[in-house]
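Please keep the sequence and the coordinates at hand while reading.

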Amino acid sequence: MDRRNFLKTAMLASAGAGLLRTLPAEARGIPAAAFPGLPREVCYPGPPTGVIVTSVFDLFKVGPGPSSSHTLAPLRIASDFRNLLETLPPETLAAADHIEARLYGSLSATGKGHRTDRAILAGLLGQKPETCDPAIMDALADESRTHTATIGGKPFMIGKHTLAWDKIEHDYPFSNTLVMQLVTAQGTALVSREYYSTGGGFFSWKDQPEQKRGEPIHPYGSMTAFAALAEKRGKSLHDIMLENEMAIMGVDTARVNAHLDLVLDTMLDGVDLGLREEGELPAPFAFFRKARRIHEQAKAMPDGDSLMQYISSYALAVSEGNAAGRLAVTAPTLGSAGTMPALVYVLKNHAKLSREALRQGLLAGALVGFLCKNNASVAGAEVGCQGEIGVAASMAAAMAAYASGASLKTTEVAATIALEHHLGMSCDPVGGFVLIPCIERNAFGALKAYNAWLMAKNEIVSQHWEDLDRVIMAMLQTGKALPPAFREMGTAGLGMTMVNC
């Protein structure tokens, strides 16, 4: 579809807790007097007060699928622990016998389906997320084999025996907890570090020192504060984001743009690769790819239908590749890795937007991701799939709106609509695999994002009641109310009904 038909289709369609420190602001809401029957405590306490120091380098990470919290973060954790061991005195390493990784919570419950075991072994073997070889990850599936990890000059045998699938219900502060230890032959831990996978490929550890970073030039902790700051300083969204990036990370514009280009290229390459591949995906049941078939059928459809199918095929292509362990981008997670790339592909290849417009759109998506990550969560284990696909759709809607020239307010409304209409979505992967319902949810997330953008750009935004801060707070409240079984455990919802007794 060329640019003219793309814009014509758009017109027709429109007719039918993260890295945070501690700012006040006010957001429009419905007066309490409109609902005299409600208890007085049922009200919005106001937007969050804090200063976000999350970076696009944190949010958009490249690594192997299928899960950011269960694959990418454990790989990064194991790599971090390996780096820690490299710094130990030779006598400490000499006294060690083996390395142990104990998995808790949903890491233990669904880790095998998410390739958590392979990710940990790959990290200990020296693999890095951005360059991890899918062939090595595939080879690590053979549990009968052991492998040698030479760390600090000392060889360690690693394999199935390295992993301990521990308690699902536990007292650690985060559901996804991984305890890495260097152990003597007598069972004494010489070194132990308690790690937490907090969603989106992020991780931290107990008693971790505060990360030293620069202060943002434009401090904000909510969308309300960001909008007020932009108006007061006469700055565009992308200028604020770019200037903050440089100040926080101590890098120049070229370095930020290089990372944004890596993200865009990985997304676009993921679509192209996925549209070429066919056949079954790795699973204990027959699960077939369909992105290529849907893309081919879209070519013969009328414009409106074809665009919907193109968007779906692009999201499916990346999600299927992610399920096969291909490199993808946390946007905000790998479980939702197909949603944003679908709209990136549309904006580049249908709307013919420039690379600079795509970068600016990506920064708008990052703003939404920062707010959701810091003021709620992007982890399915914490708030359900609304924190993954819902946030991904919100980020994609903001990206599409802003890249296409929308105002900051219209961009916010697009993000708000997309997130609002994912509220309450549970995370219920069948068998713990990122297949059912995850892959198709990416396609529907992309379609909702596209429609949210269309609705926002054709709405009178001053008449829109909902704002992003309120919907993010609603997502957090809803997510915390979800029973644990509906937060990535794979033991309820489709995770239960799709399995025969």
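The second largest pocket is lined by 21 residues, and those nearest its centre are Ile30, Val42, Cys43, Tyr44 and Arg470. A pocket here is an open set of points, on a 1 Å grid over the protein atoms alone, with protein on both sides within 12 Å along at least five of seven lines; a cavity is a set of points where a 1.4 Å probe fits but cannot get out, and lining residues have an atom within 4 Å of a point. The model is a predicted one, in which local features need pLDDT of at least 70 and side-chain atom pairs count only at pLDDT 80 or more, while totals for chains, interfaces and linings use all residues. Residues are numbered from 1 along each chain as its sequence is written, and side-chain values use heavy atoms, with hydrogens and water left out.

The second largest pocket holds about 680 Å³ of space, a volume being the space filled by probe spheres set on the points, with grid points joined across faces, edges and corners. Helix H19 (residues 468-481) gives the most to the lining of this pocket, namely five residues. Helices (H or I, at least four residues) and strands (E, at least two) are DSSP runs, numbered from the N terminus. By residue class, the lining of the second largest pocket comprises 13 nonpolar, two polar and six charged residues. In this division Ala, Val, Leu, Ile, Met, Phe, Trp, Tyr, Cys and Pro count as nonpolar, Asp, Glu, Lys and Arg as charged, and the others, Gly among them, as polar.

The largest cavity has a volume of about 150 Å³. Its lining has 17 residues, and the closest to the centre of the cavity are Gly335, Glu388, Cys427, Cys438 and Glu488. Helix H3 (68-86) and H18 each supply at least two residues of this lining. Eight nonpolar, six polar and three charged residues make up the lining of the largest cavity.

Attention now turns to charged side chains. Side chains of opposite charge can pair when their charged atoms come close. The structure holds 22 salt bridges, each being a side-chain nitrogen of Lys or Arg within 4 Å of a carboxyl oxygen of Asp or Glu. One of them joins Glu277 to Arg326, with the closest N and O atoms 2.9 Å apart. Glu277 lies in the loop between helix H10 (253-276) and helix H11 (291-298), and Arg326 in the loop between helix H12 (303-323) and strand S11 (327-329), so the pair ties together parts that are 49 residues apart in sequence. Glu277 is buried at a relative accessible area of 17%, whereas Arg326, at 25%, counts as partly exposed. Buried means under 20% relative accessible area, exposed over 50%, and partly exposed in between (1.4 Å probe, protein chains only).

A salt bridge between Lys290 and Glu440 has its closest N and O atoms 2.3 Å apart. Lys290 is in the loop between H10 and H11 and Glu440 in helix H18 (residues 438-457), and this pair links distant parts of the chain, 150 residues apart. Lys480 and Glu382 meet in a salt bridge at 3.3 Å, N to O. Lys480 lies in helix H19 and Glu382 in helix H15 (residues 380-383), so the pair ties together parts that are 98 residues apart in sequence. Lys480 is partly exposed at 49% relative accessibility, while Glu382 is buried at 15%. Salt bridges that share partners also join Asp261, Asp265, Arg355, Glu356 and Arg359 into one network.

Which side chain of opposite charge is nearest to the buried Glu245? It is Arg213, 7.1 Å away, and Glu245 has no salt bridge; Lys and Arg count as positive and Asp and Glu as negative, with His and the chain ends not counted. Glu245 lies in helix H9 (residues 237-249), and a polar atom of its side chain lies 2.8 Å from the backbone nitrogen of Val56.

Most residues other than glycine have a negative phi, and most peptide bonds are trans. A cis peptide bond joins Gly65 and Pro66, with omega about 15 degrees, and Pro66 is in the loop between strand S3 (62-64) and H3. The peptide bond from Ile436 to Pro437 is also cis, with omega near 0 degrees; Pro437 is in the loop between helix H17 (408-420) and H18. Asp207, a residue other than glycine, has a positive phi near 60 degrees, and is exposed at 69% relative accessibility.

Definitions and conventions: Polar contact = N/O pair within 3.5 Å; in protein donor to acceptor, adjacent residues only side chain to side chain.
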